[in-house]
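Subject: Structure handover

Hello,

Here is the structure you are taking over. Please open it first, then read the notes below it.

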Amino acid sequence: MRSFVSDESLNAFIDGEFDVAESESLIARMRDDPDLAQRVGTLRSLQSMVRLAYAEPPVAQGWVERAAAVPPRQFMQRCAFGCLILLAGLSGGWALRSLEPQTAAVVPAVVKSDYQTVSLARVADPNRVMLHIDSAAPAKMKAVLDQAEFFLDQAERQGRSIQLEVIANSHGLSLLRAGVSPYADRIARMGKRHASLQFIACSQSIARFSHEGQVVVLLPTAKAAPTALGQIVTRLQQGWTYVRV
Amino acid sequence: MTMITRFLMGPLRPGIEALRPVLYRIAYAWCHDPALADDLVQETLSKAWVRRAQLREEAALKAWMVAIMNHCWLDHLRSRRDFDDVDDLQDTLESRADSPEACCNREQVVACVRAAVARLPQGQRQVLALVDLEEFSYAEVAGILDIPVGTVMSRLSRARASLKNMLDTATQQAAAQPLLRRVK
């Protein structure tokens with residue numbers, strides 16, 4: 001019987017305080033120990049909930065009141081001054097436009113260049129990635145699973161703890177439907193192997209298919225979110241990187 | 001001469017000012033009061049500006065400023081010992097949990113989590129905010145708050161454990177919503 005992992009250690013793990021060797025051994029233990037994986041998952045979700053809760057803190061009333069308290073004459077002067085600065089900034093920006101560095105999100109690891117990648121952070125986070133699929137083309141389905149495995153394996157080799165979500169909506173839902181998905185076995189295997197991998201189906205798409213008279217049964221590893229878009233926006237706000245396959 | 005000094009000192013100012021949103025988010029997570037958070041940030045910015053010569057490495061600017069804000073916050077707490085709104089927030093948490101959709105849509109998750117965080121002891125709340133919101137390392141948090149790393153770890157662990165309990169209670173009180181996946 002191996003020793004019990006303390007909450008302190010698990011916290012240190014999800015906060016990236018572990019070194020490569022420690023992470024590797026914990027990830028290996030999580031694979032055999034569903035309870036441990038569950039505890040790590042709970043801590044991670046708590047962390048993302050806290051992040052979400054303070055993503056947009058309410059603005060202090062004071063700012064608005066102070067701005068409103070400026071007398072009209074002074075206000076006009078400020079406006080004029082502001083316009084001047086704006087103009088100077090605009091022309092400066094225009095003059096320097098060729099010097100501006102690439103501000104597009106840095107693509108984590110090797111993502112095929114024809115995939116669209118979005119991140120709100122200056123540098124895309126390679127440890128929190130969602131892959132979005134909305135097409136039932138078999139090639140796309142295979143591509144999304146390949147990409148997911150690539151990320152997971154790469155993170156494992158480098159000892160990083162990665163969180164990955166495959167989000168399916170519209171026709172992409174077929175990937176996660178039992179009896180429809182051509183990759184049901186592979187998805188089950190991947191889900192068992194990687195505790196930090198989630199498959200998420202859009203409930204709105206499910207409802208739409210059901211309306212059309214189809215019976216939608218999800219694979220056992222897949223979970224449903226209220227809407228795929230909502231999930232994507234929430235994750236982006238939490239600092240995740242979005243990759244559309 | 002003053003022009004030259006100003007020119008030399010100039011580059012730090014945008015750096016300090018640019019941290020306003022970061023500081024505000026942390027301050028709000030500490031005190032849950034927009035006006036007070038704004039005051040704390042303002043005080044921190046002006047203190048940082050006055051003491052800018054004490055900063056040795058530019059890279060440590062954020063941690064250094066948060067440490068200043070920690071002092072401002074502690075001063076504030078000391079000056080207002082009588083101030084205690086824990087009961088208020090407790091009510092908020094419970095009343096929200098009564099409604100059937102509690103914690104199922106995003107605004108309510110946000111409200112629930114904020115209310116739960118507000119109920120944590122002050123020290124735990126500070127550590128949680130620094131680690132979760134700004135991803136400071138444990139060593140940095142220890143430096144900012146001037147406490148041992150072991151204390152950072154135990155406070156964080158206790159904070160997350162009680163947060164989980166509070167949120168679980170809130171969810172159990174809410175009606176079951178099978179289709180909506182709770183991000184828990």
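Start with His32(B). This residue is buried, because 21 other C-beta atoms lie within 10 Å. The cut-offs: buried is 20 or more other C-beta atoms within 10 Å of a residue's own, exposed is 12 or fewer, and partly exposed is in between, with C-beta atoms placed from the backbone. His32(B) also has a positive phi of about 55°, although it is not a glycine. Its place is the loop between α3 (20-31) and α4 (34-50) of chain B. Helices (H or I, at least four residues) and strands (E, at least two) are DSSP runs, numbered from the N terminus.

A word on the source. This is a predicted model, in which local features need pLDDT of at least 70 and side-chain atom pairs count only at pLDDT 80 or more, while totals for chains, interfaces and linings use all residues. Residues are numbered from 1 along each chain as its sequence is written, and chains are lettered from A and ligands numbered from 1 in the order in which they are written.

Ser170(A) is not a glycine, yet has a positive phi of about 50°. Look for Ser170(A) in the loop between β3 and α7 of chain A. Ser170(A) is partly exposed, because 16 other C-beta atoms lie within 10 Å.

Next, the strands of chain A. Five of the six residues of β4(A) (197-202) are buried, so this strand is largely enclosed by the rest of the structure. β3(A) (163-168) runs parallel to β4(A), joined by five bridges. Strands pair if DSSP finds at least two bridges between them. Ala168(A) has Ala201(A) as its bridge partner. β4(A) also pairs with β5(A), in the parallel sense, over four bridges. There, Ala201(A) stands opposite Ala224(A).

β3(A), α7(A) (184-193) and β4(A) make a right-handed β-α-β unit. So do β4(A), α8(A) (203-211) and β5(A). Right-handed means that, with the strands pointing away from the viewer, the path from the first strand over the helix to the second runs clockwise.

Last, the interface. 31 residues of chain A are in contact with 33 residues of chain B. Contact means C-beta atoms, placed from the backbone, within 7 Å. On the chain A side, the elements giving two or more residues are α1 (7-14), α3 (34-53), α4 (61-68) and β5 (222-225). The largest share, eleven residues, comes from α3(A).

Best wishes

Terms used:
Contact = placed C-beta atoms within 7 Å.
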